Amino acid sequence: MHPLLRRSHIAGLFLVSTALAATPAPGQTPPAAVRESELPHLSLTDALTRAAAADSGHPVTIARLAAAEAGLRQADVKPSPALGLELENFAGSGPYSLFNRTEATLSYERTLERADKRETRTGRAQAEMAVVRLRSEVKRLDVLRDVQIAYAEALATEAELLVAEARLVSADRSFRDITRRVKSARDPLFAGSRAETLAAQAEVDRDQALDAARASRAALAAWWGGSDDFTLKLDTFFGVTPPDALPTADTPELALLEAERDVAIAAVKVEQSHNVADPTLRAGLRYFGQGGDAALVVGGSIPLGARSANRANVERAQAERNVAEGEIAGAKVIQDREIVRRFARLRALAVESERIRAEVIPHAVRSVEQVTAGFNKGGFEYLDVTEAERALAQARARRVEVLREFHTGLATLDRLTGKHRALAATHSQERR
């Protein structure tokens with residue numbers, strides 16, 4: 001048997017036993033099926049869970065939360081008291097020579113905060129902690145979206161491998177048929193050479209599809225640092241239906257913008273609290289060097305013009321609050337518009353995939369059968385056969401491309417709506 005024919009024949013048997021789900025004889029199981037059955041099946045949920053548990057950005061999140069918690073503790077600290085020492089008439093001329101009439105005052109000084117300054121500071125620190133948590137959740141959801149896209153790509157390359165295997169089987173069959181016709185002098189030699197070329201190219205395409213499938217599986221496993229010793233079921237890839245209702249959005253993006261607005265509101269309160277001057281009280285003991293007497297001393301001070309000195313800071317904080325509120329309104333409109341657009345595109349892709357499956361592929365298969373039968377009877381030329389097989393392969397490949405776009409778009413829609421938000425939050429709490 002020709003080497004190319006032998007390899008193609010083996011590939012065809014493999015496709016028949018796997019893609020076409022041929023039933024083996026009682027008590028017999030194909031070796032490839034045995035090896036595949038020993039590998040665990042990896043679902044999308046499994047992939048997302050593994051990736052969430054192995055998130056390399058988690059230590060950074062822990063450090064940022066620790067910094068925010070330290071900021072909260074610091075915001076609750078009262079102004080520190082002060083201990084002062086003053087020496088009067090320490091040195092001079094005449095009767096005020098060194099130490100003759102020195103007056104020493106030892107005082108204790110404390111600033112009294114007004115206008116709930118501590119409460120406003122701690123409120124801003126708490127809002128900043130919420131921002132840190134939500135930013136971490138946003139980044140984790142971005143990771144899960146990328147993992148879902150990698151999973152869809154792995155499924156798509158597996159489906160492309162099936163298409164390549166089917167094309168190899170068709171090329172192998174055509175090569176055998178044309179070889180018999182050439183040997184019986186029913187077709188010229190160049191027809192056999194052309195068939196051999198197409199079979200060789202089909203085998204190259206199959207090998208490339210196999211390498212691509214392996215690479216996609218390895219790229220998927222890299223998200224959790226594992227190996228690609230798992231199987232993927234194509235049922236979820238091919239079995240899509242048009243979504244029937246717009247999903248509700250539960251995304252942390254808007255919550256993050258709202259938390260940033262809360263920080264801006266808290267900043268306004270902090271700056272407004274600075275408009276109220278804080279008095280400083282002082283009490284001490286004064287010692288008179290001449291006579292050795294002592295007396296209590298009390299006093300205090302309060303800054304003047306605090307409101308006018310802080311007016312620009314208040315205005316800046318208010319402007320930043322207005323910016324945050326405007327961003328929330330704009331982000332809501334953009335999010336809703338993008339969800340509607342993605343939803344409509346998914347419906348169109350699902351409908352196209354189903355029509356290709358139900359209308360295009362059956363006609364292409366029937367065309368191949370009819371042309372092949374006519375060719376065997378001498379009614380068609382070999383080019384008619386290859387053209388029919390090419391049309392079938394293109395229809396199958398087109399469906400795979402449509403489904404690849406569908407599943408990739410579904411990952412983007414899931415990210416927009418925060419579908420996996422609970423999974424991201426669960427793993428974040430477990431690792432803390």
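So, how many bridges join β1 to β2, and do they run parallel or antiparallel? Seven bridges join them, and the two strands run antiparallel. Strands here are DSSP runs of E, at least two residues, and helices are runs of H or I, at least four, numbered from the N terminus; two strands pair if DSSP finds at least two bridges between them.

Quick housekeeping. This is a predicted model, where local features need pLDDT of at least 70, side-chain atom pairs count only at pLDDT 80 or more, and totals for chains, interfaces and linings use all residues. Residues are numbered from 1 along each chain as its sequence is written, and side-chain values use heavy atoms, with hydrogens and water left out.

Back to the strands. Leu-83 stands opposite Tyr-108 in β2.

Now the surface. Leu-83, Leu-85, Leu-87, Phe-90, Leu-106 and Tyr-108 make a nonpolar patch of about 650 Å². β1 (82-88) and β2 (103-111) are the elements giving two or more residues to that patch, and β1 gives the most, with three. Take Leu-85, which sits in strand β1: Leu-85 counts as exposed because its relative accessible area is 61%, and exposed means over 50% with a 1.4 Å probe, protein chains only.

Last stop, helix α11, residues 382-417. Its 36 residues at 1.5 Å a residue should span 52 Å, and the end C-alpha atoms are 52 Å apart, so the two agree. Just after α11, Gly-418 takes a positive phi of about 65 degrees.

Notes: Patch = residues over 30% accessible without salt bridge, like charges linked within 9 Å, V, L, I, M, F, W, Y side chains within 5 Å. Areas by Shrake-Rupley, 256 points an atom, 1.4 Å probe, with all protein chains shown as cover. Salt bridge = Lys/Arg side-chain N within 4 Å of Asp/Glu carboxyl O. Buried < 20%, exposed > 50% of the residue type's maximum accessible area, 1.4 Å probe, protein only. Expected span 1.5 Å × (residues − 1).
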